[in-house]
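Please read this briefing alongside the sequence and the three-dimensional view shown below. The notes go from whole chains to single elements.

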Amino acid sequence: MAEFSTSVSDKGEISTIYLKGFLDAHTAPMLENTISGLIDSRKYSIVVNFQELAYISSAGLGVFMAFIEKVRENAGDIKLSAMSDKVYNIFDLLGFPLLYEIYKTEEEAINKFKETKNLES
Amino acid sequence: MNFKIADLTKNIKFQSFIGFAIILFFFKLIFGSNESIFYRILNELFVIMTASFFIMYMFDVIRAKKINPLSLIMNIGILNAVIFFLITFSDSIMKWVFGNIQQRLIKPDLVISIVSYLYGFLFISTVSYIFFTFKELFFLKQKKNVSTYFNTMIIFFLAASFASVLNPYPELNYIKTTFIIISVMLIIVNSIRISWIAFLSKKEKVSLLILSVVILILFCVNIANSSDTHLHGQVLQSFSTSLDQFMNLMMIYGIIYFGILFFTTLFHIPTAEAYDRKTQEISSLQYFSKLITQVLDFKELTETVTEIAIKVCNSHAAWIIWIDNGETRPLAKKNIGIVDANLISGYILEKMKSGPDAKTTLLSLDKFEGKVKLSEKFNSLAVSPIKTHNEVKGYLAAAKRNDFIFDDDDKDAIDTFSDYASIAIENSRLLEESIEKERLEKELDVAREIQRKILPSKNPQLERIKISTVFIPAFEVGGDYYDFFELSEEKFGFVIADVSGKGISAAFIMAELKGIFESLSKTIERPKEILVKANEILHRTLDRKSFVSAAYGVIDLKEETLTISRAGHCPVILIRDKEVQNIRPSGIGLGLNFTDHFINTLEEVKIDLKENDLIVLYTDGITEAKNIKLDDFGNLEFEKILLENSDKHVDEISNKVIKDVSLFSQNISQHDDITLVIFRWKQNLNLDGENKWQNSAPQFQTKVK
């Protein structure tokens, strides 16, 4: 199987996780580590960029479920962005659009975070 | 059993010994002064028998113990010292106590008889014991059977001793002398058999040299003191001439044996060190082979490695610096504390080259800044890399204290040894991996077995619904589940589900799903309600990362409708009049949300069925099947095949799909379960003349539980 990697970049208070390659049962723990790393450093505004993700399995989807509760409890969110049609289809089938905000681009997701922040303050 | 027999004979020997000792005592008491040759011979026979049984008994008692030549030599030394004191004391004390003992010996009274008996008896034991010890020394490390030499010698010893009864007849003295000369010659021949010296270490050889000189002198003094002119000689002779003679022979044996021993040891000493090194090399080889047998346990193996490292390079402490995922930690520390090991390890990692160039290096701690912090004054180090496939996995470190340094021999030794250790460690790791792999495979076997038992063993045979199913498990068990429920004569329910994750955990959730749907389908009719309930129940058991995609449907045979609800599962495909429809009511996967949101978003659709409708249920194992370029098989391709073959028998359709999917995924392992369920709806049996009569009959041909 092809490799999987994650990278994180912070834009202000918002962190973006970039996913690359194949996210399945074997690589899911890497993403888990990345997200729990962000949560440990109290970063709860998370955007996930799926641009370079080739494949996601059910175990990969499970990773987001594992953290969403904790993040939302802390007034944060995990917003998904820039999915290919194929990846979106998998999320869509499972009803993820009913549970997560999914945006066409990373910017949209970040702007959405900013809007809510402005509204709050 | 053997043990008992040995015990028994041991007892008999002991009893015989005591018996003869008692006989001898009374014989002495009664006939002590009788000088006739007959009584003398009888006396000697009793003494010889007593001594023989004593020696035989001793063999049995001591044989079982492991014999160390040096302790045997020590025994002889101690006994000689005892004899020396006995002789010296007898000369002065007896004279003082008994006055003119020579006179009294000729016509002994009771006191003299008892004293003489005890004295003689003391010598029987000590001399016998010396003889026994010589015998053990003789047979030590002998490679061929040499008992003939020794037995011949014993015979001549006995002959010479016994011939001493002829002492009063000087003209017959030549008999005794001949026996003695032959005995001495045999002693010389037998004393050369001292190959056991070679097996001693240098230290042992030095102490043997000193001991042999001392004992040699003792033997000489004792033989000089036991001549007839001394009181001791007279007492012993009056007790038994053969004992006296035997003792003299033993003293001669001692002088010859220890004389030869002394010179041999002397000549062996210069080569002793070389011999020591050889034996050490041999024992290192033994250690290496020990490593091979310990690859089953990594911890035990590392412990052995450091233990041997200390021995091969004569160091005071040793440990392994293990590099694991970039982190280093000391393993299997021997004679060094964790703090010291950590400090020195840091210094070593700084100084050692990494990569394929790493080789065994001697380091000094003189320039080490942290040296003052060490609790023990380690001064010099020998460090050897533990390499596998040119990759440094760690270092084997050995340390010496204070002024001790490692020489080139030590360096070579640890270098060679670390090569062996590297191989053993690598083997151990590989073995651990393969055991883990086997364990996983066993676990997956169990998971597949669970899955096989959960899925329906055969399809229901229905008049109006033709069913074809295909299920192909993935090696890792994907967690696909499907089932059929014959709810009533009019209603037929079905479910298809895919558990997230793989392996045994997925199999367990499958088992739970079967229980949930099996029971819910009996009480609840509406698919939406069933999925809502199922979600509620799963809330209690599913962990946050797991979820289940499922679709539940009911075909009403009377209404001729299909009602379906979908919780995150692949759409249900309906093929009607050469057209593909994806039935995809909204719904979130089970276990993803446990609020009203789940209920509110879950839709239920109802479709009127038409003749020859094809209803296809599947899991993503089909659409996401990969080819070698990692492309998906895809929904479009799937739909195309279904459409092209929609007129055929359901089994033919499913076969065609599976055939195409496997062709597509050639040369790539199937990574998810594949499930395909196809229903064909036969609407109006009335149109079929043959089946007309069945209209009033029950709809189900057979009830499959």
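Helices (H or I, at least four residues) and strands (E, at least two) are DSSP runs, numbered from the N terminus. With that in mind, the elements of chain A, followed from the N terminus on, run β-β-α-β-α-β-α-β-α. This is a predicted model, in which local features need pLDDT of at least 70 and side-chain atom pairs count only at pLDDT 80 or more, while totals for chains, interfaces and linings use all residues. Residues are numbered from 1 along each chain as its sequence is written, and chains are lettered from A and ligands numbered from 1 in the order in which they are written.

**The two chains**

- Chain A has four helices and five strands, whereas the secondary structure of chain B comes to 19 helices and 15 strands.
- A residue counts as buried if 20 or more other C-beta atoms lie within 10 Å of its own, as exposed if 12 or fewer do, and as partly exposed in between, with C-beta atoms placed from the backbone.
- By that rule, 40% of the 121 residues of chain A are buried, and in chain B buried residues make up 35% of 705 residues.
- Two residues are in contact if their C-beta atoms, placed from the backbone, lie within 7 Å.
- Among contacts between residues at least 6 apart in sequence, 70% in chain A join residues at least 24 apart, and the corresponding share in chain B is 71%.

**Where the chains meet**

- The contact between the chains draws 14 residues from chain A and 18 residues from chain B.
- On the side of chain A that touches chain B, the largest share, seven residues, comes from helix 2 of chain A.
- By class, that side of chain A has 11 nonpolar, three polar and no charged residues, where Ala, Val, Leu, Ile, Met, Phe, Trp, Tyr, Cys and Pro count as nonpolar, Asp, Glu, Lys and Arg as charged, and the others, Gly among them, as polar.

**Strands of chain A**

- Two strands pair if DSSP finds at least two bridges between them.
- Strand 1 (residues 4-11) of chain A runs antiparallel to strand 2 (residues 14-23) of chain A, and eight bridges join them.
- These two strands of chain A form a hairpin with two residues between them, and Gly12(A) in the turn has a positive phi of about 65°; Lys11(A) stands opposite Ile14(A) in strand 2 of chain A.
- Strand 2 of chain A is also joined by nine bridges to strand 3 (residues 45-56) of chain A, this time in parallel, with Lys20(A) opposite Glu52(A) in strand 3 of chain A.

**Helix packing**

- Two packed helices are described by the angle between their axes and the distance between the axes.
- Axes are lines fitted to C-alpha atoms, for helices over the stretch in contact, and angles run from 0 to 180 degrees between N-to-C directions.
- Helix 1 (residues 28-40) of chain A and helix 2 (residues 58-73) of chain A pack at an angle of about 15° with their axes 9 Å apart.
- Helix 1 of chain A and helix 2 of chain A are therefore roughly parallel to each other, since angles under 35 degrees count as roughly parallel, over 145 as roughly antiparallel, 65 to 115 as roughly perpendicular and the rest as oblique.
- The residues of the contact of helix 1 of chain A with helix 2 of chain A divide into nine nonpolar, two polar and two charged.
- In chain B, the axes of helix 14 (residues 503-523) and helix 15 (residues 527-541) come within 10 Å and cross at roughly 140°, and the residues of their contact divide into six nonpolar, two polar and two charged.

**A sheet in chain B**

- An open sheet of five strands in chain B has the order 7-8-9-10-13, with antiparallel pairing.
- Its edge strands are strand 7 (480-486) and strand 13 (604-608) of chain B, each of which pairs on one side only, and the twist averages 15° from one strand to the next.
- Strand 9 (residues 548-556) and strand 10 (residues 561-567) of chain B pair in the antiparallel sense over six bridges, and the bridge partner of Gly553(B) in strand 10 of chain B is Ile564(B).
- Thr563(B) lies in strand 10 of chain B and is buried, because 20 other C-beta atoms lie within 10 Å.
- Not counting residues up to four places away in sequence, Thr563(B) touches Pro527(B), Gly553(B), Val554(B), Glu604(B) and Lys606(B).
- Thr563(B) and Lys528(B) are 35 residues apart in sequence and 9.3 Å apart in space, C-alpha to C-alpha.
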